[in-house]
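Me: I have a protein model open on my screen and would like to walk through it with you. Could we take it one question at a time?

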Amino acid sequence: MRSGGLTTSCPARATHATPPQARSGPSGNRGAPGRYARPMHDPRVLLDPATDAVRKLARRGYSLDLAELEKLLSGRNSAIQRGDEARAESKRVATSVKGASAEERPALVERARELKGVVSAAEEEQKEFDGQLQDLLLGIPNLPADESPDGTSDADAELVRTWGRPPVVESPLDHVDIAEKLGILDLPRATKLSGPRFAVLKGKGAALQRAIGSYLIDKALENGYTEFSVPSLVTRQTMTGTGQLPKFEQDLFRTEVADRELFLIPTAEVPLTNLHARETLDLESLPLTYTAHTPCFRSEAGSYGRDTRGLIRMHEFAKVELVRFVDPATSRDELEVLVGHAESALQGLGLAYRVVKLAAGDTGFSSTLTYDIEVWLPSQDTYREISSCSDFGVFQARRAGIRTKAKDGSRGFAATLNGSGLPIGRTLVAILEQGQQPDGSVTLPEALVPYTGFSTLDPE
RNA sequence: GGAAGCGUGGCAGAGAGGCCGAAUGCACUCGCCUUGAAAGCGAGAGUCCCGCAAGGGUCCGGGGGUUCGAAUCCCUCCGCUUCCGCCA
């Protein structure tokens, strides 16, 4: 790579809306935005009174302008009709030119020229409506499930169940203190290298991190997932497919080399889900279940001052992600299956946790229903998020163009789900804190010993 | 980085300004035939958009242009293949 060619910027400023053209990117070959970006939300569904979209979106603080939507949709449709009609006549005229006599020909050609103008005017108008419609639709979050509780913060989440008993620890240390005594974590040097919110692990710490990753992948394989190794840098189009863009560009690290723009993935959800972007899957082949162990990069813009200590909130961390492509009719049940898989990873490690159902207003942009799994952290005397498992319905599939075709020929979109299974950093935190012993050592979960080759971490 | 070539439906592969949504083969669906299957015969079948429907439109890698008319000509971008160079 040429020196100085790579720049990484992290726009931590206020959200800047991305104009529709920008979706094409600087290097071309993003195809016609209209072709792949067509799906997103289905405006007809939103307009259908039975959907109750206004009320549902209000629960997450989004106020939907139905009149505007209606106006844009009908404007677009009538422009399409006018264009189609003119084009149809234009085709007829063009065909008739060939067999026309020398006398009639000039009139026909003249008429064809006229129609050309009509067509391009209609197309222009359609393009205008399309662009506006798309901007509106891309910014509308998914409809929250009715079963999600009211509210906008994690305090409004509904407790579903708890598992395991939080270990009794006398005057617990937090993971930073524990790790430093063990000599396995070097945050100051990480800051020297890259600034705040990065970590350096050393010795058994680094080995443990590697072990956790392997354990989690094996757990996913046990649960039937297919392992993938995927790029950590993806295009703007890919980020749009899963809903990170256009709205959340400020949360992402962006790279630029020459005129080429790529984004660092904030989760393997992005590449895994988009593996099937613009593809048609046999409905009968579902569910497809994928996993990958990848680095994740997040700007953490807007979380200044939160979790500034330790490994909880990093710009870069490793995670094993679980993704499911399913028949939309089954997605609600599939969410339970997915949560079960994430839970099985924690149970295998013997870590105490609880499961909560997020409030409508606290649910992510693309999600219709989300369970969070929270692991017990003795030092904070509370449960902290370690996994988020979401049902996206067909929301992502529409944006990314993940279609389905049934045996009988009927077509639709796949439902997608994903969940962390699990983030390695936070899992390490929980292991250190829940496993800490009075003498300053840490007893590792038995399940990890085959991966680490050691069962305790001892102070230096 | 330099040179040449290529990109057509699920696949293979014709077409080289109007008769092309696109031959043909394979695969596919439904019939017939058969005890069953294969073979054979017949029919059908693509996508997306607009429309209650009838029907109409779109799509030959993406975008743009020439023309009354483009898969076919021109420009451009992307991708792939081969050769040379460079790097590992």
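Reply: Gladly! One term to begin with: two strands pair if DSSP finds at least two bridges between them. Please keep in mind that this is a predicted model.

Me: How many bridges join strand β5 to strand β6?

Reply: Strand β5 covers residues 254-257 and strand β6 covers residues 260-264. The two run antiparallel. Pairing takes at least two bridges, and the number joining β5 to β6 is four.

Me: Which residue in the turn of the β5 and β6 hairpin has a positive phi?

Reply: V257 stands opposite R260 in β6. Two residues lie between the strands of this hairpin. In that turn, a positive phi of about 50 degrees belongs to A258.

Me: Where is P246 found?

Reply: The peptide bond leading from L245 to P246 is cis, and its omega is near 5 degrees. As for its place in the chain, P246 sits in the loop between α9 (236-241) and β5.

Me: And what is omega for the peptide bond from L286 to P287?

Reply: P287 has its place in the loop between β7 (279-282) and β8 (288-297). The bond from L286 to P287 is cis, with omega near 0 degrees.

Me: Let's turn to the domains. What distance separates the centres of domain 1 and domain 2?

Reply: Chain A is divided into domain 1, residues 40-138, and domain 2, residues 154-457. Taken over C-alpha atoms, their centres are separated by 42 Å.

Me: Which three residues supply 71% of the area that domain 1 buries against domain 2?

Reply: Six residues of domain 1 are in contact with eleven residues of domain 2. Together the domains bury about 810 Å², with 50% of it on carbon and sulfur atoms. On the side of domain 1, more of the buried area comes from this trio than from any other three residues: M40, R60 and L138.

Me: Which residue forms a salt bridge with D42?

Reply: The rule finds one salt bridge across the interface of domain 1 and domain 2. By class, the side of domain 1 that touches domain 2 has two nonpolar, one polar and three charged residues. For D42, the closest N and O atoms of the salt bridge are 4.0 Å apart, and the partner is R398.

Me: One last thing: what is phi of D52?

Reply: D52 is in the loop between α2 (43-47) and α3 (53-58). Its phi is positive, in a residue other than glycine, with a value near 60 degrees.

Terms used:
Residues numbered from 1 in each chain as written. Chains lettered and ligands numbered in written order. Predicted model: local features only at pLDDT ≥ 70, side-chain atom pairs only at ≥ 80, totals over all residues. Heavy atoms only, no water. Domains from an automatic or database assignment. Contact = heavy atoms within 4.5 Å. Buried area = accessible area lost by both parts, 1.4 Å probe. Salt bridge = Lys/Arg side-chain N within 4 Å of Asp/Glu carboxyl O. Nonpolar A, V, L, I, M, F, W, Y, C, P; charged D, E, K, R; others polar.
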